[in-house]
Amino acid sequence: DEEGVPVSSREDERKLFRDEFSDQLAGTLCTFEQLVSDDRYSQEEQPIILPDPATVKTSDIPNMYDIAQVFANRKKGKGCGEGLLVSDLFKRFPKQMSQVFYPVMFKSYARLHPPLQWRGGMIQEIFKGKGDPGIPSQYRDVLLADDDGKGMFSVIRKAVFPLAGSFVNSTQYGSGFSGGECAIAHLAVQLFIDYARYTRTSSSLLFVDLMQAFASMVRKVCICDPTGDEQWIAAMRAAGLPEDEIRNIFDTISKVPEWVTPMQGGSGLCDNYSFCVAASVYRNSWFSTEGLCNVVKTNRGSGAGTPLADIIFALTMSRVLVVLREHLEAGGFAATLGSGRHNSIPIHDISYHDDLVIPCVAPTDQLVDRTAAVASITFEVFIYFGFRLNFTKGKTEAIAFFAGKGSTAASKQLYRDGQVANVITGGTIDAVSYTHLRAHET
């Protein structure tokens, strides 16, 4: 528990995990009866995102064949949600199950209000593979939702994906965006290293690690979700931001309909009916815990383990990265390789889901200070959007490559400093360690 005392029963263990994930997801404990009552009341309110009726088409609502096709593609042997209908059933009888659930899905689309049972599930912990397995914070959450609901979310994901691709940055390779995968992100990083070494350019790579990235995502950044504001504002206050700046950030980020303008043309996300349905999935979301009564109503997070989680998170990250690039450029820290006005190549951040790498280029004697300044700006921008950077050992760190005149002196100075540079993080000082490039080339 919080005092370091081992729990003595299975029930106490489950309560520890429930409390841990409740804090991450800004949740409140309630009975399912209370949740049903809240959901019925919310039906009288306007949907989270209301599309323009003139843009709605009959083809926006999936037909029975679409549902059957999704059910037929379900994988066998997967864990079921609270509905206890296993994926094998949908895989074996896709046509019959689509006939059963199509009326519910049609009503969910027509009313922009999916069933409450589909907006949550049983939460399970997965050990991160490092740290003490006896500490709840060393686990990440995954939601075991009903397969019938995930079937509808898969249809939504397929409809939203092409349009969402016009919003994400060209160097975001998660979720299949930008035609890439994790290996493409690795190649992009390696290309930067190779080019910098070939041209003898002093440069560094800042590896950014986010704490509970999917769970701590503020939904207001991507969708007009009115919940979860208190924890977000509290995080900015804890970072030392003044009240007027907090209010300005809150008002700016809350204007989601004005933000959803594609970077590459086309209609906005608010005009995409499937995205409007996706936004309604996050109203009155919840999770249950095995062996415990009651549920936790959640106000943050993208719902890790559901088909929509990576899409919503990628859209959120794209907005964060756009603001980060603006701040870096305004501070004069945008990285370029090459020389001359016509030969310089702008180098942007590279990301795969919540893993982010920021290249830095600077004269040899200024490289460490510039990398630390970039880390400070990155910390500040992510705080704006409710994310926290992890500065513990092996997390947010950087590698440096010194080249040219003064490289030996810079390397010795960094060694004398303990391979540590100070980063300003809202009034406190954290450390970013720098490891030699050869340890990371593979």
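Ala, Val, Leu, Ile, Met, Phe, Trp, Tyr, Cys and Pro count here as nonpolar, Asp, Glu, Lys and Arg as charged, and the others, Gly among them, as polar. The model is predicted: local features need pLDDT of at least 70, side-chain atom pairs count only at pLDDT 80 or more, and totals for chains, interfaces and linings use all residues. Residues are numbered from 1 along each chain as its sequence is written, and side-chain values use heavy atoms, with hydrogens and water left out.

**View 1. The lining of the largest pocket.** By class, the lining has eleven charged, ten nonpolar and nine polar residues. Helix H1 (10–24), strand E3 (139–144) and helix H8 (229–238) each supply at least two lining residues. E3 gives the most, with four. Helices (H or I, at least four residues) and strands (E, at least two) are DSSP runs, numbered from the N terminus.

**View 2. Ser-178 in its loop.** Ser-178 sits in the loop between helix H6 (147–164) and helix H7 (182–198). Ser-178 counts as partly exposed because its relative accessibility is 36%; buried means under 20% relative accessible area, exposed over 50%, and partly exposed in between (1.4 Å probe, protein chains only). Ser-166 is twelve residues away in sequence, and 9.3 Å away in space, C-alpha to C-alpha.

**View 3. The contacts of Ser-178.** Contact means heavy atoms within 4.5 Å. Leaving aside neighbours within four places in sequence, Ser-178 is in contact with Asn-169, Ser-170, Thr-171, Gln-172 and Tyr-173. A polar atom of the Ser-178 side chain lies 3.2 Å from the backbone oxygen of Asn-169. The Ser-178 side chain also reaches the backbone oxygen of Ser-170, at 3.3 Å.

Methods:
A polar contact is a pair of N or O atoms within 3.5 Å; within protein, one must be able to donate a hydrogen and the other to accept it, and residues adjacent in sequence count only if both atoms are side-chain atoms.
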